Amino acid sequence: MQAAAFLMLLPVASQAGSCLAPVRPFVPSDSQAARDYADIIRRDFEVYIADIQDYFHCLEQERARAFEEAREVSRDYGRFLELVGN
């Protein structure tokens, strides 16, 4: 029984906390370096923009999951209080 309960928690545990913010792109303060590496810096910004969108989506999914879990826990607590007579 404990193993089954543990296995049911695995998808949630692996999902929770897996939203990692992307690293902010670096822009050199030296204008010559910025020009020399413009293609790389531009690509870093494009990757960041795509990654931040994925990050926001992940946060939205985690929020929805946590909200549903909180609602279920609230119902469980209500049932518990009924069982113990409070």
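1. The structure holds one disulfide. Its partners are Cys19 and Cys58, whose sulfur atoms lie 1.9 Å apart. The coordinates come from a predicted model, and the distance should be read as a computed value.

2. As to where the two cysteines sit, Cys19 is in the loop between helix 1 (2–15) and helix 2 (31–36), while Cys58 belongs to helix 3 (residues 38–84); the bond therefore ties together parts that are 39 residues apart in sequence.

3. The handedness of the disulfide follows from its torsion. About the S-S bond of Cys19 and Cys58 the angle is about -85°, so the disulfide is left-handed.

4. Cys19 counts as buried because its relative accessibility is 17%. Cys58 has 19% and therefore also counts as buried.

5. On the overall fold, the protein has three helices and zero strands. The order along the sequence is α-α-α.

6. On burial and surface for the protein as a whole, 12% of the 86 residues count as buried.

7. Arg65 deserves a separate entry. This residue is placed in helix 3. With a relative accessible area of 18%, Arg65 is under the 20% limit and so is classed as buried.

8. The side chain of Arg65 has polar contacts with two glutamate side chains. One is to the side chain of Glu62, at 2.7 Å. Another is to the side chain of Glu69, at 2.9 Å.

9. A nonpolar patch lies on the surface and consists of Tyr77, Phe80, Leu83 and Val84. Together these residues have about 460 Å² of accessible area.

10. Phe80 lies in helix 3. Its relative accessible area is 44%, between the 20% and 50% limits, so Phe80 is classed as partly exposed.

How values were computed. Residues are numbered from 1 along each chain as its sequence is written. This is a predicted model: local features need pLDDT of at least 70, side-chain atom pairs count only at pLDDT 80 or more; totals for chains, interfaces and linings use all residues. Side-chain values use heavy atoms; hydrogens and water are left out. Helices (H or I, at least four residues) and strands (E, at least two) are DSSP runs, numbered from the N terminus. Buried means under 20% relative accessible area, exposed over 50%, partly exposed in between (1.4 Å probe, protein chains only). A disulfide is a pair of cysteine sulfur atoms within 2.5 Å. Patches are made of residues with over 30% relative accessible area and no salt bridge: like charges are joined within 9 Å, nonpolar side chains (Val, Leu, Ile, Met, Phe, Trp, Tyr) within 5 Å. Accessible areas come from the Shrake-Rupley method with a 1.4 Å probe; for residues, only the protein chains shown count as cover. A salt bridge is a side-chain nitrogen of Lys or Arg within 4 Å of a carboxyl oxygen of Asp or Glu. A polar contact is a pair of N or O atoms within 3.5 Å; within protein, one must be able to donate a hydrogen and the other to accept it, and residues adjacent in sequence count only if both atoms are side-chain atoms.
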